[in-house]
Amino acid sequence: MAIATIDPTTGITLKTFDAHTPEEVENRIARAEAAFRSLQNTSFEERARWMHKAADILESEADEVARLIATEMGKTLTTAKYEALKSATGMRHFADHAQRYLSPETPVPASEVNASNLHVQFDPLGVVLAVMPWNYPLWQAVRFAAPALMAGNTGLLKHASNVPQCALYLGDLFARGGFPEGAFQTLLVEGKDVIPLVDDARIRAVTLTGSVAAGSAIAEAAGRNIKRSVLELGGMDVFIVMPSADIEKAAAQAVIARLQNSGQSCIAAKRFYVHEDVYDRFEHLFVTGMAETVAGDPLDESTSFGPLATERGRQDVHELVRDAREKGAAVQCGGEIPEGEGWYYPATVLTGVTENMRIYREECFGPVACLYKVSSLQEAIALSNDSDFGLSSSVWTNDETEATEAARSIEAGGVFINGLTASFPAVPFGGLKDSGYGRELSAYGIREFVNIKTVWTA
């Protein structure tokens with residue numbers, strides 16, 4: 001993919017960028033390593049001051065940044081501005097809480113291990129490489145950058161090739177806040193150039209949010225180099241509705257759960273398992289809600305959801321829908337590529353999806369929901385776990401026993417009861433199986449890229 005801004009509403013290339021030369025990449029790695037030597041010796045208070053200033057800058061420029069996001073990847077202005085403001089909130093969270101998250105700890109009294117003094121401290125690792133996706137071009141990067149910088153690491157960002165202007169904005173943001181030159185930089189490089197970066201001994205750790213294939217390649221390279229890595233990959237998140245739930249609310253939230261970010265979210269619900277006792281009612285409400293939600297110009301503030309970010313992305317979505325239809329699935333709404341320019345795709349609901357259809361197991365990164373009828377919570381949980389993914393889940397029930405069973409039995413990094421899956425700065429985020437490993441955000445996330453050092457004194 002060329003490094004370029006391509007308007008997803010028209011397919012017109014607005015601006016192209018040259019990839020950094022090998023010499024420019026080398027210079028940026030060297031600057032990141034040099035910046036680490038100074039940053040690691042700064043105090044939490046200094047770093048917090050810089051992080052707060054960077055957050056203030058981002059917040060003051062939220063309208064401008066929102067338009068940039070909408071132009072590059074098609075997110076609506078409203079949701080793009082929310083993303084910018086959420087990113088600023090995340091930055092402030094780590095500015096305010098990093099010192100507490102990384103304060104030295106005493107696991108047991110020193111006398112129990114024959115010591116006069118004992119503590120565990122958390123030291124920064126060095127240069128951390130982040131390979132980030134286009135779907136949340138600010139938030140995905142910030143939720144790496146804020147904890148990494150507050151821990152005393154420096155960062156190199158390899159962003160998706162279709163959001164280069166967002167990447168360059170982030171590359172300047174932290175320096176504008178006061179962080180030392182080179183502490184956080186953007187690398188404009190192609191995907192094929194990422195593995196050599198992981199192989200570079202000066203880069204001490206790597207984090208990736210993206211596809212399973214990309215994650216596997218990064219994990220292989222990190223393992224070969226005995227290097228720390230965190231992966232946040234795809235999701236086939238479930239949305240379970242039981243008879244005790246508020247069905248009207250669940251159906252309304254289900255529409256949002258599937259159409260958030262035009263369906264281009266790893267935590268967007270993709271599989272909807274509804275108990276047979278309330279299935280017909282839910283189906284009517286859900287299909288009606290999906291059919292009434294129409295894609296439009298992301299720069300129009302009244303638009304519910306925009307186009308898909310790339311032409312290939314829309315093609316992939318439609319191929320999954322076409323495969324399901326040809327094998328017997330029923331299309332309750334949507335399912336056809338609209339006429340006209342841009343990479344729009346309608347809100348689509350499929351029923352009658354079976355195991356021989358690709359969409360049964362493959363993640364559909366677009367506004368397509370698969371709706372299933374189940375006879376019990378146990379069946380819903382079994383179907384939920386019959387997946388290569390395990391990122392998150394949403395369960396709708398007012399039965400406390402059912403909620404407890406779902407939380408215990410669903411194989412995922414998160415279970416949200418009577419609410420949509422979401423990410424919060426103070427709460428760990430991540431999955432298992434093909435959804436990746438490690439955690440972002442919270443105390444758990446900031447500790448992914450530190451050296452947990454035992455200090456024992458005789």
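Which residues of helix α13 (residues 400-409) are buried? I looked this up before anything else, keeping in mind that the model is predicted.

**Entry: helix α13**

I find Glu402, Ala403, Glu405 and Ala406 buried in α13. They sit on the same side of the helix, because the arc they cover around the axis is only 165 degrees. Next I asked what covers the buried residues of α13. The cover includes α12 (377-385), β15 (393-396) and β16 (416-417). I also checked the N-terminal end of α13, and Asp399 caps it. One of the side-chain oxygens of Asp399 is 2.8 Å from the backbone nitrogen of Thr401.

**Entry: the annotated span**

**Entry: helix α2 and the cores**

How far does α2 (residues 44-60) reach from its first C-alpha to its last? I get 24 Å for its 17 residues, close to the 24 Å expected at 1.5 Å a residue. I list its buried residues as Phe44, Arg47, Ala48, Trp50, Met51, Ala54, Ala55, Ile57 and Leu58. Those residues pack against five helices that I noted down: α1 (22-39), α3 (62-73), α4 (77-101), α5 (139-150) and α6 (164-177).

Then I went to the largest nonpolar core, which has 68 residues. Met51, Leu58, Met91 and Phe174 touch the most other members. At least two residues of this core come from each of α1, α2, α3, α4, β3 (117-124), β4 (127-131), α5 and α6.

**Entry: Thr351**

Thr351 belongs to strand β12 (residues 348-351). Is Thr351 buried or exposed? Its relative accessible area is 9%, so I put it down as buried, the cut-off being under 20%. The Thr351 side chain makes a polar contact of 2.8 Å with the side chain of Gln332. Leaving out residues up to four places away in sequence, I see Thr351 touching Tyr279, Glu283, Ala329, Ala330, Gln332 and Leu371.

**Entry: Ala309**

Where is Ala309? I found it in the loop between α10 (279-292) and α11 (311-326). Ala309 counts as buried because its relative accessibility is 2%. Its contacts, apart from neighbours within four places in sequence, are Pro8, Met73, Trp134, Asn162, Gln264 and Trp343. I also checked Ala309 against Cys333, 24 residues apart along the chain, and their C-alpha atoms are separated by 22 Å.

**Entry: two positive phi values**

Ile226 has a positive phi, near 50 degrees, though it is a residue other than glycine. I place Ile226 in the loop between α8 (212-224) and β8 (228-232). With a relative accessible area of 76%, Ile226 is exposed.

Leu441 also shows a positive phi, near 65 degrees. I find Leu441 in the loop between β18 (436-437) and α14 (442-446). At 1% relative accessibility, Leu441 goes into my notes as buried.

Key. Residues numbered from 1 in each chain as written. Predicted model: local features only at pLDDT ≥ 70, side-chain atom pairs only at ≥ 80, totals over all residues. Heavy atoms only, no water. Buried < 20%, exposed > 50% of the residue type's maximum accessible area, 1.4 Å probe, protein only. Helix = DSSP H or I, 4+ residues; strand = E, 2+ residues; numbered from the N terminus. Arc of directions from axis to C-beta. Contact = heavy atoms within 4.5 Å. Polar contact = N/O pair within 3.5 Å; in protein donor to acceptor, adjacent residues only side chain to side chain. Expected span 1.5 Å × (residues − 1). Core = buried A, V, L, I, M, F, W, Y, C linked by side-chain atoms within 4.5 Å.
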